[in-house]
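Below is a short report on one predicted model. Please read it with the structure open.

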Amino acid sequence: MMDMRQYIQHTRKIIGVGPNFKAFRAEKGITHTDDPFLFFKSPESLTMEENIYLSPLLTEFICEVEMAVVIGKEAKSIAEQDVPSIVAGYAIVNDMTASAHFDTGRFKMFDQLTPIGELTDVEDPTNVDLEMWVNGEMIQKDNTQNMLFSAHWIVSHISRMATLCKGDIILTGTPAKPLNCRIGDVIELRSPQLGNRKHVIHRGL
């Protein structure tokens, strides 16, 4: 494991990608294979704490296990084959969504909506197992080999639009069956390659 905190203290932007897993796309009836949908989250959404405190404005929220790519140095318009040279590492992450706010554009804006694990060195990001367990029950399970767009392709694609900086984080998409969770739920993200991360959801002030 590497020190994630030395990178997230520099995070300027978090860029999410979706829909990307083939089973998730099939579940939602999505058939197009054009460029993926992109969205921003704020650095304030990041947390490495076990206890997370969500805004009382969040009336419902979806939990989604994903693999995050952590950028190690500045890059723009980088070729896909050169992406490993700018990646600091990878991490398991819960890309939470404020589902009641889809229509208002606020669905990714809230603080502490991105609980993230430790930084890891992954030999092959196209073969990473991801699982999400909620209150002891396995909800999501897939492998990154089943993503439509690979992590390196996504990084290259985004770098053609926006300069990537040290500490920036890219969320590569969630498997099928993300879950509407509740206050008090215990979320466990598990991966042999990325490590495990547990957090408990509380109502904040």
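## Cysteines

The structure holds 0 disulfides, a disulfide being a pair of cysteine sulfur atoms within 2.5 Å. Cys63 is in none, and its nearest cysteine sulfur, that of Cys181, is 3.3 Å away. That is too far for a bond.

Both cysteines are covered. Cys63 is buried, at a relative accessible area of 0%. Cys181 is buried too, at 6%. Buried means under 20% relative accessible area, exposed over 50%, and partly exposed in between (1.4 Å probe, protein chains only).

## Basis of the model

This is a predicted model: local features need pLDDT of at least 70, side-chain atom pairs count only at pLDDT 80 or more, and totals for chains, interfaces and linings use all residues. Residues are numbered from 1 along each chain as its sequence is written, and side-chain values use heavy atoms, with hydrogens and water left out.

## The open sheet

Five strands form an open sheet in the order S4-S14-S13-S9-S10, with mixed pairing. Its edge strands are S4 (51-54) and S10 (137-143), and each pairs on one side only. From one strand to the next, the twist averages 20 degrees. Axes here are lines fitted to C-alpha atoms, for helices over the stretch in contact, and angles run from 0 to 180 degrees between N-to-C directions.

Strand S13 (residues 186-190) pairs with strand S14 (residues 197-203) in the antiparallel sense, over 4 bridges. Within this pair, Val186 stands opposite Val200 in S14. Two strands pair if DSSP finds at least two bridges between them. Helices (H or I, at least four residues) and strands (E, at least two) are DSSP runs, numbered from the N terminus.

## The nonpolar cores

The largest nonpolar core has 43 residues, of which Ile170 and Ile201 touch the most other members. At least two residues of this core come from each of S1, S4, S5 (61-63), S6, S7, S9 (129-134), H3 and S13. Apart from it lies another core, of 15 residues, among them Met4, Ile14, Leu46 and Leu119. Such a core is a set of buried Ala, Val, Leu, Ile, Met, Phe, Trp, Tyr and Cys residues joined through side-chain atoms within 4.5 Å. In soluble globular proteins, nonpolar side chains tend to be buried together.

Contact means heavy atoms within 4.5 Å.

## Helix H3

Helix H3 (residues 151-159) is mostly covered, with 8 of its 9 residues buried. The buried residues include Ala151, Ile154, Val155 and Ile158, and also His152 and His157. What covers them includes S1 (14-18), S2, S6 (65-71), S7 (87-94) and S11 (169-171).

## Two loop residues

Thr144 lies in the loop between S10 and H3. Is Thr144 buried or exposed? Thr144 is buried, with a relative accessible area of 3%. Leaving aside neighbours within four places in sequence, Thr144 is in contact with residues including Phe21, Met67, Pro125 and Leu130.

Ile30 lies in the loop between helix H2 (22-28) and strand S2 (37-41). Ile30 is partly exposed, at 26% relative accessible area. Not counting residues up to four places away in sequence, Ile30 touches Pro19 and Arg25. Ile30 and Arg197 are 167 residues apart in sequence and 30 Å apart in space, C-alpha to C-alpha.
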